[in-house]
Each structure stands twice: as C-alpha cells, then as structure tokens.
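Work through the exercises below with the sequence and the model open. Each task is followed by a solution in steps.

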Amino acid sequence: METMAGPKQDSKPGFVILIAHINMVIYSTCFWIQTGVMPYLSKRLGMDAIMFGNLQTTFAVIQLLGGPLFGRFGDLFGGRAALSLAYFSSGFAYLLMGLSTSVPLLFLSRLPTVFMHGMQAAQMIVTDLSSESERAGALGKLGLSYGIGMIIGSTTGGLLVSNYGEPFAAYTAAAGCVLNTIVVMKYIPANTKPVIVTKENKSETAHSKSIFSVKEILRLLSIPGAASVLAIKTITGLPMGVFQSMFSVVAMDYFKLQAEHNGYLMAYIGVLQMVMQGLVVGWLTQRIAEKVLFLWSVLLISLVGLATALMTNIFQFCLICIPMSLGISAFYLITNSILTKIVPPTDTGAMLGLNMCVHSLIRSVSPTIGGFLFELYGFSSFGYMQFLVNLLVFFYLLIRSPN
C-alpha cells in the first residue's frame with residue numbers, strides 16, 4: 001500500500017505557490033522586455049528577415065535540446081535548483097544580448113537559453129503542490145501571472161528601447177533575472193514533490209538517476225495517451241507557431257508599428273492571455289469535461305485561422321485576438337493537465353520536459369516555414385494554414401471520440 005505525503009520542508013504549499021507566481025511575473029516581464037529588444041537590435045545589426053528567422057530557429061533548437069534535460073534535472077534535484085538554473089540562464093543570455101555588437105555575438109547570446117525554462121520549472125512546482133482535480137486551474141493561474149509580466153514587460157520594453165536603446169533594455173532584463181534567482185534561493189524549498197511511501201516505508205524515487213536517459217524518454221512515451229497527445233499538440237501547434245514566429249516581422253512590415261506601439265499591442269495580448277488562462281479556462285474546466293474542451297478548442301483555433309487570413313487591419317486583428325487567446329489558452333492548459341495526470345508524481349518534470357520539446361520543435365521549424373510562406377504567399381497564408389490543419393485535427397478527434 002502506498003501513501004502520499006507533502007514536501008519535506010516546513011514551507012506551506014500555498015506560500016510556495018505564491019512565490020512561484022511572483023517569480024513568474026518577474027520572469028515574464030524580463031522575457032518580454034528582451035522580446036521587444038530582439039527585432040530592433042537585429043535590424044540595427046543588419047539582419048534581414050531570413051537571418052532573423054535563422055536566429056529564432058537557433059533559439060528554438062537550443063531549447064529543444066535543453067527541455068528534456070531540464071525536466072529530469074528538476075525531478076532529480078528539486079524545484080529550487082530548477083528555478084535557479086532557469087533564471088540564471090535567462091539573465092546570462094540577456095546580458096550577452098546587451099553586449100552584442102555584431103550578428104555572431106547575437107547568435108552566441110542564444111546558447112545559455114538551453115536551460116531557460118522558467119515556465120516549465122514553475123509548472124513543475126505547481127503540479128507537485130496541486131491535486132489532479134485542481135490541476136488545470138492551477139496551471140491556468142500561472143498563465144495569469146505570466147500575462148501580468150507580459151503586460152509590464154511589453155510596455156516597459158518598448159519604452160526602454162525607444163528612450164534608452166536596446167542594450168539598456170537587455171541589461172534591465174538581466175538584472176530582473178538576478179533578483180528572481182535571489183528570491184528563489186531564499187523562499188523556494190529544495191524539494192516540492194510529494195513523498196510516496198510504500199508499505200516497506202521507503203520513498204519511491206525516479207526510475208533512473210541519470211539526467212539524460214533515452215530509456216526514460218521511451219518509457220514516458222509508452223504510457224497510454226502520452227504519445228498521441230504530444231503528436232496532436234505538435235500538429236495543432238505548428239500553424240500557430242508559424243504565425244507567432246513571424247509576428248514581429250509582420251508588426252513592422254505589415255502593420256507598420258513602431259517599437260512603442262508594438263509594445264502596447266503585446267500588452268493587450270497579455271491582458272487577454274491573463275484573463276483567459278487565469279479566469280476563463282479555469283471556470284470552464286470546472287463545468288465542462290477536459291476532453292470536450294480539448295476538442296472544441298481545436299475547432300476554435302481553426303476558425304480563428306480563417307478569420308486571421310481574411311483580416312486587413314490592426315483593429316480587426318485586435319478583435320480576433322479575443323477568441324484566439326481563448327482557444328490557445330484552453331488547448332495548451334488542458335493538454336498540460338492531461339500529460340501531468342497520466343504519469344506518477346516522480347515523472348511530472350520529465351513529462352513537462354517532453355511537452356516543452358514540442359514547443360521548441362515547433363519554434364525550430366516555424367521561422368523557416370513562416371519566412372517561406374510570407375515571402376511567396378503573404379501574411380494571409382498563415383491563417384489559411386492554421387484553418388485547414390486544425391480543421392483536419394478536429395474531424396480526426398471527433399471521429400475518435402466516443403458517442
């Protein structure tokens with residue numbers, strides 16, 4: 001017989017989760033400050049759209065390589081170590097970005113992002129400290145904190161770039177990451193995982209002590225439902241990834257937005273994301289079965305793609321962002337919840353690492369696909385791709401779902 005106890009530390013779960021949310025606000029703020037820096041710094045250094053896409057691909061491939069390692073690292077060494085590594089890596093990357101005076105140096109600044117998985121680390125902690133029935137809502141509230149940081153970071157980033165230049169904005173983001181690391185070291189317990197005790201009174205540990213183990217990855221993928229959810233997430237997420245990877249170029253070339261105005265637009269999207277993830281999706285999951293929401297979120301994403309293809313101005317885009325945020329938030333939160341429920345508590349970090357690999361894989365190929373489509377077929381091709389791919393996924397899920 002097995003029993004489950006809470007973390008060994010004296011820290012109350014509610015307090016630890018609160019600190020994780022504060023960390024997420026700071027992390028998101030810093031990330032979106034540097035996101036506002038990147039397109040304008042790259043343009044000042046003479047990069048064209050294709051080279052900028054290559055830079056985005058480099059970032060995604062590096063994160064793809066680091067995702068599984070980071071997840072296993074968190075399972076083996078605990079939440080404090082995982083968060084500290086994520087924030088230190090972020091700060092170092094932003095520092096190198098601020099020091100970049102050439103294109104090779106800007107590419108070099110992407111290397112530390114191999115462990116820049118702040119959201120994944122926070123998801124690990126919230127997963128450890130929340131029950132399965134509250135999982136989707138708890139993960140959604142992380143989106144609320146992320147959205148607050150997105151609003152602050154997008155607005156602040158645009159103002160800092162416009163008034164003080166790209167390097168100063170990057171240094172500000174790096175300083176925020178240092179602050180985050182200090183908060184983690186002081187307030188986050190070393191381990192947040194529940195201790196599963198067998199009848200022999202021994203704690204159950206991870207199946208392997210190795211940070212990287214192909215056998216462990218294959219074992220996780222063999223769990224019923226894991227591979228199919230990850231595959232659907234990859235297929236559905238690819239069109240959205242193409243749009244997101246090219247959005248900074250679209251904002252400058254299609255909508256003709258300046259850095260400050262682009263910051264305001266991203267802040268608006270942040271507000272929508274904050275409301276949808278933190279409030280609306282959690283409310284929906286309490287009233288509608290996750291599998292039903294999963295199905296209809298795919299259809300909503302498909303219809304949003306069609307609307308995106310037909311839009312002609314920034315006002316229409318702002319309206320489309322409302323259902324877009326709802327569909328994307330519901331889809332990602334529900335898939336994250338499903339994936340963390342089908343594995344034992346000792347493997348949630350590794351599964352979230354595989355989940356992060358999906359995002360990184362999408363980001364690694366999206367800029368190349370996006371640059372090709374944008375040059376040959378224009379902005380509307382992103383929307384038509386999203387519409388058709390997700391419509392096919394919707395019918396596939398509808399046919400497979402029980403009556």
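This is a predicted model: local features need pLDDT of at least 70, side-chain atom pairs count only at pLDDT 80 or more; totals for chains, interfaces and linings use all residues.

**Exercise 1.** Find how helix 14 and helix 15 pack, and which residues make the contact.

Solution. 
Step 1. Helix 14 spans residues 348–377 and helix 15 spans residues 380–400. Their axes are 8 Å apart, at an angle of about 120°.
Step 2. Angles of 65 to 115 degrees count as roughly perpendicular and those over 145 as roughly antiparallel. The angle of about 120° therefore makes helix 14 oblique to helix 15.
Step 3. Helix 14 contributes Gly370, Leu373, Phe374 and Tyr377 to the contact, and helix 15 contributes Ser380, Ser381, Phe382 and Met385.
Step 4. Sorted by class, this contact of helix 14 with helix 15 holds five nonpolar and three polar residues, with no charged ones.

**Exercise 2.** Describe the crossing of helix 6 and helix 13, including its handedness.

Solution. 
Step 1. Helix 6 covers residues 135–164, and helix 13 covers 314–341. The two pack with axes 9 Å apart and at an angle of about 130°.
Step 2. Helix 6 and helix 13 are therefore oblique to each other.
Step 3. Their crossing is right-handed.
Step 4. On the helix 6 side the residues are Arg135, Ala136, Leu139 and Gly140; they meet Leu333, Asn336, Ser337, Thr340 and Lys341 in helix 13.
Step 5. The contact of helix 6 with helix 13 has three nonpolar, four polar and two charged residues.

**Exercise 3.** Characterise the largest pocket by volume and lining.

Solution. 
Step 1. The volume of the largest pocket is about 560 Å³.
Step 2. The pocket is lined by 18 residues, of which Lys291, Phe294, Leu397, Arg400 and Ser401 are the closest to its centre.
Step 3. Two or more lining residues come from each of helix 9 (226–245), helix 12 (290–310), helix 13 and helix 15. Helix 12 gives the most, with six residues.
Step 4. The lining of the largest pocket is made up of 11 nonpolar, three polar and four charged residues.

**Exercise 4.** How many cavities of 30 Å³ or more are there, and what lines the second largest cavity?

Solution. 
Step 1. The count is three cavities of 30 Å³ or more.
Step 2. The second largest cavity holds about 40 Å³ of space.
Step 3. Its lining consists of Pro68, Arg72, Glu216, Ile217, Leu220, Ala350 and Leu354.
Step 4. Helix 2 (49–77), helix 8 (214–221) and helix 14 each give two or more residues to this lining. Helix 8 gives the most, with three residues.
Step 5. By class, the lining of the second largest cavity has five nonpolar, no polar and two charged residues.

Terms used:
Residues are numbered from 1 along each chain as its sequence is written. Side-chain values use heavy atoms; hydrogens and water are left out. Axes are lines fitted to C-alpha atoms, for helices over the stretch in contact, and angles run from 0 to 180 degrees between N-to-C directions. Helices (H or I, at least four residues) and strands (E, at least two) are DSSP runs, numbered from the N terminus. Angles under 35 degrees count as roughly parallel, over 145 as roughly antiparallel, 65 to 115 as roughly perpendicular and the rest as oblique. Contact means heavy atoms within 4.5 Å. Ala, Val, Leu, Ile, Met, Phe, Trp, Tyr, Cys and Pro count as nonpolar, Asp, Glu, Lys and Arg as charged, and the others, Gly among them, as polar. On a 1 Å grid over the protein atoms alone, a cavity is a set of points where a 1.4 Å probe fits but cannot get out, and a pocket is an open set with protein on both sides within 12 Å along at least five of seven lines; lining residues have an atom within 4 Å of a point. Grid points are joined across faces, edges and corners, and a volume is the space filled by probe spheres set on the points. A crossing is left-handed if the near helix is turned anticlockwise from the far one by less than a right angle, and right-handed if clockwise.
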